[in-house]
Each structure stands twice: as structure tokens, then as C-alpha cells.
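Please work through the following exercises with the sequence and the model open side by side. Each one sets a task and then takes the solution step by step.

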Amino acid sequence: MKPLLQAGHRGCAGCCDAIAAKFTLMAAGEDCIVVSPTGCLEVMTTPYPESSWNVPFIHSLFENNAAVASGVEAALKAKGEFGKTKIIAMGGDGATLDIGMRSISGAFERGHDFTYVCIDNEAYMNTGVQRSGATPFAASTTTSPAGKVSFGNIRPKKNMPAIMVAHGSPYVTTTSIGYPKDMIRKVKKAVDVEGPTYVHAHSPCTTGWGFDTSKTIEIAKLAVETCLWPLYEMEDGELTKAKKIKNPKPVEDYLKMQRRFKHLFTMEGGDEMIKKIQALADANIEKFGLQ
Amino acid sequence: MTITLGGVCEPGSTLVNKTGGWRTFRPVFDYDKCIKCKLCELLCPDMSVDARDDGFFEFNYDFCKGCGICANECPTDAIEMVLEEK
Amino acid sequence: MKRNFEDDKEKMVVVEGSYAVADAVKVCRPNVISAYPITPQTHIVEDLSQFIADGEIPNCEYLNVESEFSAISALVGSSAAGARSYSATTSQGLELMHEVLFNVAGMRLPVVMTVVNRAVSAPINIWNDQQDSISQRDTGWIQLHAEDTQEAADMTAQAFKIAEDPDVMLPVLACMDGFILSHVYEPVILLDEDLVAEYLPPFEPKFKLDPKNPKTFGAFADPHSYTEFRYLQQQAMNKALKTIEDAADEFYDLFGRHYGGLIDTYQTEDADIILMAMGSIVGTIKDVVDKLRAQGVKVGLLKVRSFRPFPAEAIKNAIKGAKVVVALDKNISLGLNEGALFTETKGSLYNTNVNIPIIGFMIGHGGRDIPMSTMEAIVDEAKKVIDSGITVESQFTDLKEELL
């Protein structure tokens, strides 16, 4: 059977977007329509006249992805074609929780029956690794660079899943491309649950984060194993499941493999920053009962 | 090629773009070690690990970019990354 | 205008202009309506909402979106999925849509949107001028302007027919002046559903989002092909010049009403002075023409119905016998001190054999009333141009010196 996302795309070697999209389509199956905003995924898969998609695909703009998806859903409903076909909006963190915030909020509030998959690689990778609202604390990006008087990004990640829970979404979940079975199961569940559902997939970017192309999956796992990226499910607003991490690894194990955190190991005071990052992981353990 | 209305594209048509040329290291299977776990196929970002009839896999070097995720994740170290020689 | 009012009398009902348009949308059988409320567009979307609530528009989804940006964005998705798609907006809402307007046109999605023309902020002002739609000139949308409420309603059906024509496949802005047309109660004939069904075939696009035939929409084009995409949009605009005329003619054949295709003329054949304008001001100008003609002044009216595509050839043919042309604009290009109709008419004639003096008056900004006396004063200025040439090429009208 031919893959639903075809080879020949221009993603970097070791691309997280391709993996996330591949898992999403494996879960959704061929009877789906993919809506995608401007970003790496769209650029690398659809250079005219080529497309990597073996499912119907539409890209409009950067900030309107969920609105376009709601229009697709409305069209199918109006024409009596809605039912089996799954509608999946798939976008990066910038398109989802920064510039597309209004659009996704509106679509979820209106209750369209679709699934939004956020491929979170924690910065604007398509434009050259600029900071987004999903960039983690103390990460160095091209617009939040570490420097003589800066440890990089000064704010923690925006808690997008919580925002989607607050919209009354029946199913909100976090996942990671480092856990294919987890991600495929959750996307499958998300597309099967009626109403607007949200899957937030942590997706390490080799180019933006600065690690070897072979380490995409390994780094993704480390984020989960250090409890910096908890895997949990929220159903009708309640926490129903969280992946246990019996022996959490120290955050250094995750940080030291990435160029974007390199300064924490070389700058004076970097150890204090690492302690703060460890505190974020510890807070996740507490909040989601990871141990 | 003439431009389609609004730039509509045919499905799966990036197959004309042979990304194998990007590769610096090529993955090579050691079938003696392979346990057919399918992880390499699952994790490949470039859909370049193809199943064979005998349950083993082979690389599609037309598209493999040589990222090495398969070798890094292989539970039995059955994949070696070998420097491409011109 | 071609119309037999005597025959029409029996069928007329007195409704608000917004209702007439909403009713026209209804009988065009849209599949998806997506809109965000903004004065003075609100009555249209309220009426459509009521139709939906009463089950009067079958096979239609109405989306109460969170912004104009999403209103038009949702229609990108719905139109690509094969749904006849409609919205209405004005002013700030239209400006907020700006980025998406380019996208809809470039993707060749035949969305129809009513623009209830209104001034733009700052200062904030809810009254009528046409700065909002004129500012969307280069987005690739066809832009039509209606003269009265009946035309606004009829134009809605024509807009879908033009947009969805396989040779065109471009979105259409159907413009009507805010309050002056949207909120006025006038006798109109509501469109007959069966006739509209005959006039407007079902929307069946060549491509749509369909898992059984999975096409990709919205690919990016590099320098190798981007130019050709733009060229093809311009070709479609060129084709629309005829389609707009045909749509008006076919409408006349079925409904017996005609307001011009690209343009309309009134008393221009022997006119020395031709006033040209778009929208509801055309009605006032007709009265002025009648009054001045009675006084022996050879004045005529050129109504520009299609601003995009710009009907340069039709305009040239209509004015070539005049001694002076006056363009009236409810908009201004700041920094040029000209309205768009003036600039473009002037520009389109420059390299032709028609060499007639043209002057421009910017008028009616932010809902400023345009009395007949103002129009007569403008005609007096035009007479001076015939006698002694142009002294002021383009100017504001009725400036209140005491406020400056």
C-alpha cells in the first residue's frame, strides 16, 4: 500500500514534521482531508506542481488553519457528505498557539467536528528558528539568543492544551513523536471522538534545536523521560491518563544534547537556569502524577 | 506542464524528486541481526524503508536522505551507516 | 437601465435593502455562509440567520465566526470542498480580510461577498463611502457596484453566475452603499426561486477536496511559475469583461431587469459633459441630469458598474464624444489627491486617441451628504473646463473651510 504521505518531500534529513504527519495519517487512514497552515510541513510537501499528499490537502495561510478546517467541515455537512471522512488540521506551534490562536479558539468554541494536531517543535523553524510562544524557558533561538546578559528565552511554554481544555474540547491530549504507538492511538481516538479534539505532539527539530539528524526520536523520548514533556489525556476536562515515568532522568540528559541549551553548560549561572528547568519537570511530576 | 486552475496538484507527485542525492551516509542492513520489528519502517521520515516479501526490509536509496534515525533506534544494531563514496 | 416598471408594480414589496439582498442570497442556494457582524452589514446576516433558523435555506451551514478574518478563511475551506460560499462585510471587516482576499482569488475560489460600503478608521466612522472596497482593488476579486436596492439584490445572483463561470473562477465583491442602500426601505421585486434556479446552475467545480480523488490545494509556487499564476488571473479578469455583460443580458432575458453590464449610460449620446460614478450616487446624478437637460445643458451620466475588471474600452467608447468628463469618487488615494475612478479612467485613456479633459471630485467621504446643489456646482466647474481648460485637476468637494 502506498504511504499516505509520499516520499520525495523536501523536509530536512531527520525531519520531525514528516514523522508527525506520517503517524497522524497512519491513525486517520485515507478517508480524511488535511488542512495545513503555512510552515515547514506545507512548504516541504507542496512545491507546485508536486505534492507529497495522497489524501486531499489544503493550505491557505498562516493564521487561519482552524477556520479553513471549519469551512471544510461545514461544506461536507451542508452537502450531506459528512460522516466517515475525518477532517484534520495539522500545524506547527507558531501557527497554532501564536498567530492562529484566534482561529483555533473560534473553531473549538463553535464545536466543529475535527481534530487539530499541533506539531510542536518549539520555535518558528520555517523562517529560521525564531522564538514562538511554545519555545521553552532558557532556549536560545535566533530572536531569543543567549548572550552576555541573556540565558535565552525568558518565558516558559504557553500551556496550549489547557487552553483547549478550557474551550470544552471533549478530548485534549499530549503526545510525542518519540512514542509512535502513543501518538497513533491518540490521534485515532481524537478523530473518533465527536467534536473538536486536540492533539499536541512534541516534535524535536534537528535543524532548529541543534542535534544530529539521527537523534530526533531519542531526544523526543528524553523530553518525556525527564518529565519536561508529560504525556497525558484530558477527557471532558478531566485528566484520565498520564504516562508514568518511574525513574525520571535529570533534565541535563535532555538539555546537553541540544545546541539551543548549550549556553547553560558554559555560561556562569547556567546551573541556576538548569535548576529552574528541573523545577519545571518536577512540577509536571506533581501536577500529572507521573511517578 | 501547464498550470492547473488555482495550482491544484496531483497526489503523491513528489516522487519525481529523488532526495537520495542529499545523502552523506547510507544505511545498510545486517540481516543476520534484524528481528523484523518494523521500527525502522515506522520511524523513517522519508518513507524509504520498504517491506520485502520475506518479512525483512530494504532501503529505497532513491529517497533515503541518510538521516540515520533507523540506525540510531534499531534495537539490535542491525543497521550501519556507511559513508557514501562518489 | 432597461425595465418595465408598470409590469413590475404588482410584484413589488417594500423591504429593507439588506433584506432584499439576504433574500437574493437565500434563493441562490448557498451551502456555507460565514460572517461576522459589523455595521452596516448586520441586517443582511441577521436576515440570513433568521432564514436558517426558520429552515428556509436547505443544505446550508451558517457559521458564526469569531472575526472577519475567519469568516472569509472558512470560505476558503468550504469553497475548496465544493460548497457555494457566501459572506458579507464592510469597512474594517473587509480590511481585516485583506490577506485572505488575495488567497481566495489566487486559489481561484468563486466566493461571493456583499460589501456594504463604509468609510474606514481613523477617525472611526460608520457611514458610507467606498474607501473599503476600493482599497481591495488589487486583491484579484471582481468588484461590482450597485445603484439601488433592486440592483443590489439582482447583482447577488449575477455575482454567483460570474464567479462560478468555468472561464472565470474568480471571487466577486458585490458592493452596495452602506445605509443609503442597506437600510432604506424601497419597493423591490424579490427574486423568484425557480427563475434563479434556471439562471444559476449548481456549483460543480472541476476540482474539490475529495478523499476519492485526493488533490492538493494551495501549493507554493517559486519564481519558475509564480508569474504565470498571476498572468492567468489577469486572463480570467479579461474573460470576465464578457461574462459580466453576458450575466446581465441573461438576467434581463429571464427577469426583465437590466442595469448595464460593465457600465451603463444615461443621456450620454450627445452629452458635452459626462459625469461618471459608482453606486447609489448614480441615482442623484440622474436627477441632476434631468434637471439640467431641462435647462438645455448637455450633460450625461456614465455609471461604472464593474470597477474590477476595469472596463477601459467600454468607458472610452461611452465618453469619446464628450467635451469634458468628471469622475466622482467616494474614496481617495492619499498622497495622490485623486480618487480611484478618476486615476484609472485618466490612465486608461492616456495612450489612446481619445483626448478629453478629465477632472476629479472626491465626494461623500464618511457619509457626507451629496445634495443636488453640490452636483450642479460640479457641472458648473466642468463647463469652465470646456471654456478655458483645466485649472484644478482633482479636488475635495464641499470642504468646510471653517474646520481647517
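**Exercise 1.** Work out how F251(C) and F255(C) are placed along helix α10 of chain C, and how their rings are arranged.

Solution. In this predicted model, helix α10 of chain C covers residues 226-255, and because F251(C) and F255(C) are four residues apart within it, about one helical turn separates them. The ring centres lie 4.1 Å apart with the planes at 15°, which is under the 30 degrees required, so the pair is stacked. As for accessibility, F251(C) is buried with a relative accessible area of 0%, and F255(C) is buried with 10%.

**Exercise 2.** Classify the ring pair Y116(A) and Y198(A), and determine which parts of chain A the pair ties together.

Solution. The centres of the two rings are 6.1 Å apart and their planes meet at 25°, so Y116(A) and Y198(A) are stacked. Y116(A) belongs to strand β4 (residues 115-120) and Y198(A) to strand β8 (residues 197-202), so the pair ties together parts of chain A that are 82 residues apart in sequence. Both Y116(A) and Y198(A) are buried.

**Exercise 3.** Describe the open sheet of seven strands in chain C and identify the strands at its edges.

Solution. The strand order is β4-β3-β5-β6-β8-β7-β15, with mixed pairing. Strands β4 (61-64) and β15 (306-308) of chain C each have a single partner strand, so one side of each is left without a neighbour in the sheet. Within the sheet, β5 (residues 85-89) and β6 (residues 112-117) of chain C run parallel and are joined by four bridges, with A88(C) standing opposite T114(C).

Definitions and conventions
Residues are numbered from 1 along each chain as its sequence is written. Chains are lettered from A and ligands numbered from 1 in the order in which they are written. This is a predicted model: local features need pLDDT of at least 70, side-chain atom pairs count only at pLDDT 80 or more; totals for chains, interfaces and linings use all residues. Side-chain values use heavy atoms; hydrogens and water are left out. Two strands pair if DSSP finds at least two bridges between them. Helices (H or I, at least four residues) and strands (E, at least two) are DSSP runs, numbered from the N terminus. Rings of Phe, Tyr and Trp (its six-membered ring) pair if their centres lie within 6.5 Å; planes under 30 degrees apart count as stacked, over 60 as edge-to-face and the rest as tilted. Buried means under 20% relative accessible area, exposed over 50%, partly exposed in between (1.4 Å probe, protein chains only).
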